[in-house]
Amino acid sequence: MGERAWVDHDVCVSSGACVLEAPDVFAYQDGPEALAVVLPGAAELSRDRLVELAGLCPVGAIRVYGDDGSELPLS
Ligand code: SF4
């Protein structure tokens with residue numbers, strides 16, 4: 001199953017940091033709010049890279065979950 005990333009749309013402010021840094025992993029959702037979503041490309045990344053990318057979000061909207069479903073701490 002592997003790690004899984006998810007963007008909390010109650011928290012995302014559409015800063016674009018994740019989309020700019022990793023356009024193969026994050027994209028803006030259609031719609032006026034342009035919230036970020038996780039693309040299938042995220043499955044290609046290592047756990048460390050996912051955690052690193054999640055840490056770039058200025059408001060902590062990106063969560064990463066491990067194999068067992070537990071949320072991983074961000075660095
Ligand atoms: S970096 Fe965070 S706030 Fe900015 S678009 Fe991505 S998820 Fe949203």
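Predicted model: local features only at pLDDT ≥ 70, side-chain atom pairs only at ≥ 80, totals over all residues.
The shell around the ligand comprises 15 residues. Cys12, Ser15, Ala17, Cys18 and Cys57 come nearest to the ligand. Among the contributing elements, helix 1, spanning residues 17-21, gives the most to this shell, with 3 residues. The shell is made up of 12 nonpolar and 3 polar residues. No charged residue takes part in it.

Two residues other than glycine have a positive phi. For Ser14, phi is near 60 degrees. Ser14 sits in the loop that runs between strand 1 (4-7) and helix 1. Within 10 Å of Ser14 lie 16 other C-beta atoms, so the residue is partly exposed. For Ala34, phi is near 50 degrees, again a positive value in a residue other than glycine. The loop holding Ala34 lies between strand 2 (26-28) and strand 3 (36-38). Ala34 has 13 other C-beta atoms within 10 Å and is therefore partly exposed.

Asp8 also belongs to the loop between strand 1 and helix 1. Its 14 C-beta neighbours inside 10 Å place Asp8 in the partly exposed class. That class applies because the count falls between the limits of 12 or fewer for exposed and 20 or more for buried. Ala54 is 46 residues from Asp8 along the chain. The C-alpha atoms of Asp8 and Ala54 are separated by 11 Å.

How values were computed
Residues numbered from 1 in each chain as written. Near = placed C-beta within 6 Å. Helix = DSSP H or I, 4+ residues; strand = E, 2+ residues; numbered from the N terminus. Nonpolar A, V, L, I, M, F, W, Y, C, P; charged D, E, K, R; others polar.
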